[in-house]
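Please keep the sequence and the coordinates open while reading.

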Amino acid sequence: MDTMRERFASVTSRLLDEDPRLAVVLAEIGKDGFADAAQRHPERVVNVGIREQLLVGVGGGLALTGLRPVMHTFASFLVERPFEQVKLDFGHQGVGGVLVSAGGSYDWPSGGFTHMAPGDVGLLDTLDGWTVHVPGHPDEAETLLREAAAAGDDKVYVRLSVQVNEAPRPVDGARFLTLREGRGGVVVAVGPMLDPVLAATEGLDVTVLYATTVRPFDAETLRAATGAADAAEVAVVEPYLAGTSTRFVTEALVDRPHRVLGLGVGRRELRRYGQLDEHLAGHGLDPRGLRESIAGFLGR
């Protein structure tokens with residue numbers, strides 16, 4: 001199976017052939033995946049070098065000319081470092097584009113904290129109007145990337161990851177999928193956290209919702225799921241900063257009694273490189289850690 005980043009490069013290269021409005025902006029990272037596309041479309045594949053603020057600034061400029069820019073690098077260099085450009089060159093100027101990240105929270109532990117961005121989605125939450133996709137499989141990434149590229153002038157963030165689920169699910173870029181139904185609570189699994197959540201909740205009487213589009217937040221499906229449960233108790237398991245989406249759960253259930261548990265990456269930096277699975281365990285996001293947290297929250 002190819003990785004999400006490999007699928008991103010191949011799909012977007014084909015989209016460049018199909019859509020003359022599309023442009024790709026890179027900052028060295030990922031340029032090899034677009035080598036052929038750059039030869040075919042040198043005016044629409046731009047590599048600005050290791051200048052991440054310029055990466056976003058050029059994307060904003062292209063959007064002002066009517067193009068649909070797709071900007072790509074590690075999440076820490078795409079959202080955190082050039083945040084002012086994201087805020088001004090897209091939000092303030094009222095134009096759209098597609099940010100496609102890699103690296104995630106700790107996909108490359110040996111890269112150190114400079115290459116980790118567990119706060120990326122939370123940071124975008126301070127801005128208005130961003131759609132956020134978090135696929136859990138390369139097939140889902142392709143579906144959401146194609147939708148993002150064709151999304152008019154919308155502002156879209158697609159968060160790619162090394163961690164993937166074993167099988168893809170049918171995603172539509174809007175609604176949560178109901179994968180299990182129960183009456184003892186609701187667990188929302190975001191993107192690549194689905195497989196660990198399914199393993200952790202095996203045998204528990206809970207509803208499991210699968211979310212690959214988290215902004216806008218699908219309040220309707222969540223409300224329906226909690227309405228069928230005995231109590232409005234919701235655990236949200238996210239592959240980024242713990243508690244990032246708890247506010248949206250509270251807003252969705254503001255008119256009914258509820259409890260919310262936010263599980264995700266902790267704020268404490270894990271300073272040993274280790275491997276991806278060790279970081280997951282260190283943050284309690286492996287099946288064992290999730291089982292303990294979810295069962296304890298639900299009183300099971």
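This is a predicted model: local features need pLDDT of at least 70, side-chain atom pairs count only at pLDDT 80 or more; totals for chains, interfaces and linings use all residues.

P216 is found in the loop that runs between β10 (213-215) and α9 (219-227), where helices (H or I, at least four residues) and strands (E, at least two) are DSSP runs numbered from the N terminus. The peptide bond that joins R215 to P216 is cis, with omega at about 0°.

Residues are numbered from 1 along each chain as its sequence is written, and side-chain values use heavy atoms, with hydrogens and water left out.

Taken as a whole, the chain holds 12 helices and 12 strands, and its C-alpha trace spans about 60 × 40 × 35 Å along the principal axes. The radius of gyration of the chain is 19 Å, which agrees with the value near 19 Å for a compact globule of 300 residues; this radius is taken over C-alpha atoms, and the globule rule is 2.2 Å times the number of residues to the power 0.38.

Next comes a pair of helices. α1 and α7 pack at an angle of about 35° with their axes 9 Å apart, the axes being lines fitted to C-alpha atoms over the stretch in contact, and angles running from 0 to 180 degrees between N-to-C directions. Their crossing is right-handed, meaning that the near helix is turned clockwise from the far one by less than a right angle. In this contact (heavy atoms within 4.5 Å), M4, R7, F8, V11, R14, L15 and E18 of α1 meet P138, D139, A141, E142, L145, R146 and A149 of α7. The residues of the contact divide into 8 nonpolar, no polar and 6 charged, where Ala, Val, Leu, Ile, Met, Phe, Trp, Tyr, Cys and Pro count as nonpolar, Asp, Glu, Lys and Arg as charged, and the others, Gly among them, as polar.

On a 1 Å grid over the protein atoms alone, a cavity is a set of points where a 1.4 Å probe fits but cannot get out, a pocket is an open set with protein on both sides within 12 Å along at least five of seven lines, and lining residues have an atom within 4 Å of a point. Grid points are joined across faces, edges and corners, and a volume is the space filled by probe spheres set on the points.

There are 2 cavities of 30 Å³ or more. The largest cavity holds about 90 Å³, and its lining divides into 6 nonpolar, 4 polar and 2 charged.

The largest pocket holds about 170 Å³. Among its lining residues are M4, F74, D107, W108 and S161, and α1 supplies the largest share, 3 residues.
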